[in-house]
Amino acid sequence: MDWNVITSNLQLLLYGAWMTIKITAVAVSCGFIIGLIVSLARMSNFILIRLIAKCYVDIIRGTPMLVQIFMIYFALPQIIGMRIDPYVAAVAACSINSGAYVSEIFRAGIQSVDKGQMEAGRSLGLTWWQTMRHIIIPQAFKASIPPLGNEFIAMLKDSSLVSVIGFEELMRRGQLIIAKTYAATEIWGTVAIIYLCMTLPISRLVAYLERKYNVK
Amino acid sequence: MIDLKDVRKSFGKNEVLKGINLHIDKGEVVVIIGPSGSGKSTVLRTMNYLEEPTSGQVIVDGMDLSDKNKLNEVRTEVGMVFQNFNLFPHMTVLENLTLAQINVRKTDKKAANDIAMKLLERVGLSDKANVYPDSLSGGQKQRVAIARALAMKPKVMLFDEPTSALDPEMVREVLDVMKSLADEGMTMVIVTHEMGFAKEVADRVLFVDGGLILEDGSPSQVFDAPTSDRTKLFLSKIL
């Protein structure tokens, strides 16, 4: 075990970890918004909107994320005739992927809210959207916290896939350092520990939120 | 105040309402009784279009409920109380009472709070304004639910088995609130199994079975001299 190779490269790795956090945070935030819109679209009265939303979810969940990344980074530029920045491609791929999963989480959350809540809201003269916003979504969100936490953790780990398009997050940094130093054990070990240091606090945070929102 | 004209409702192939004709005057207290599955709750729920009829017309306060643009407006005039309360669990009692006032009636928050507090006082729960519904007993929940509906100053109140989910010792407190409403002249339609309450408070009793109104008269007419055999059979089982 060569500790020197770890200490001398730690800063590079930590910078990569920062990139991982950044891309995950942006992807989950975008995924959150996409997911909310798509989950509502799946309950739309218009069959075309429902169909588009369903297709989106099916396609994203039914294909590997690696393929999605390649589609955006390599295939899309051929179609639009313009190069896409690796960071933009990485964030886009992760966001679009996350949105599909988050929409399913929200859909389950919304369906878990008792039907009587919608009836009570509508009987008071609230519109469908007002009832959704003030009554259904807050309750659905509460039910969605645990699976959303899981999705956040999964996204953080899956963001390592964007290393394949050369975006220098934690995984890619590790690869680059190993290419120079051949210190696979030390570097992959360190990379794994850094990932753990990021995911464990998130699961703690989720557990805390769960407790907090359950206590009324 | 309320007119149902040949209202029919089917769920799939199952026709639960087979042509309901009904006229309810302002200030009338109408109690609907009938066996479970008779369609009595469905009749009530067409009166604010929570159940949209398959055919027929529902007119409340001069407005046809099939007019989607007017539906929300009509609903603000029609308060509803549910068997399972359907309070909003993530809001305090006070917020339950002010949400629709603020968002539908556009009342400012302070005025909405004042209205809410007066109503809570009226149902004897002013000390519960800032607690969450989960900490209330069933009877208290239902009284909050009544206050929530009243906060919109409705012209009609619909009650869908308001005491069926309550422990027996809590039924009275809810019925007392309902009786005081009736005494004030509120137009009320009540689906209930509380026959004593029906006799005491109702101006009219309807017996519904098989999706039809089989009996329509004063409490003494319906309870003491029912005309249809099915009404007699039903009453003999429950009285």
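In the predicted model, chain B contains an open sheet of 4 strands, paired in the antiparallel sense and ordered β2-β1-β4-β5; strands are DSSP runs of E of at least two residues and helices runs of H or I of at least four, both numbered from the N terminus. Pairing requires at least two DSSP bridges between two strands. The edges of this sheet are formed by β2 (14-24) and β5 (63-64) of chain B, each of which pairs on one side only. Strand β4 of chain B, residues 55-60, is joined to β5(B) by 2 bridges in the antiparallel sense. In this pairing, B:V60 lies opposite B:M63 of β5(B).

Chain A has 8 helices and 0 strands, giving the element order α-α-α-α-α-α-α-α from the N terminus on. Its C-alpha trace spans about 70 × 50 × 20 Å along the principal axes. Of the 216 residues in chain A, 47% are buried (under 20% relative accessible area, 1.4 Å probe, protein chains only). Contacts (heavy atoms within 4.5 Å) between residues of chain A at least 6 apart in sequence join residues at least 24 apart in 73% of cases.

Chain A carries 19 positive and 12 negative side chains, with the centres of the two sets 8 Å apart; Lys and Arg count as positive, Asp and Glu as negative, placed at NZ, CZ, CG and CD, respectively.

Residues are numbered from 1 along each chain as its sequence is written, and chains are lettered from A in the order in which they are written. Local features of this predicted model need pLDDT of at least 70 and side-chain atom pairs count only at pLDDT 80 or more, whereas totals for chains, interfaces and linings use all residues, and side-chain values use heavy atoms, without hydrogens and water.

Note on methods:
Buried < 20%, exposed > 50% of the residue type's maximum accessible area, 1.4 Å probe, protein only.
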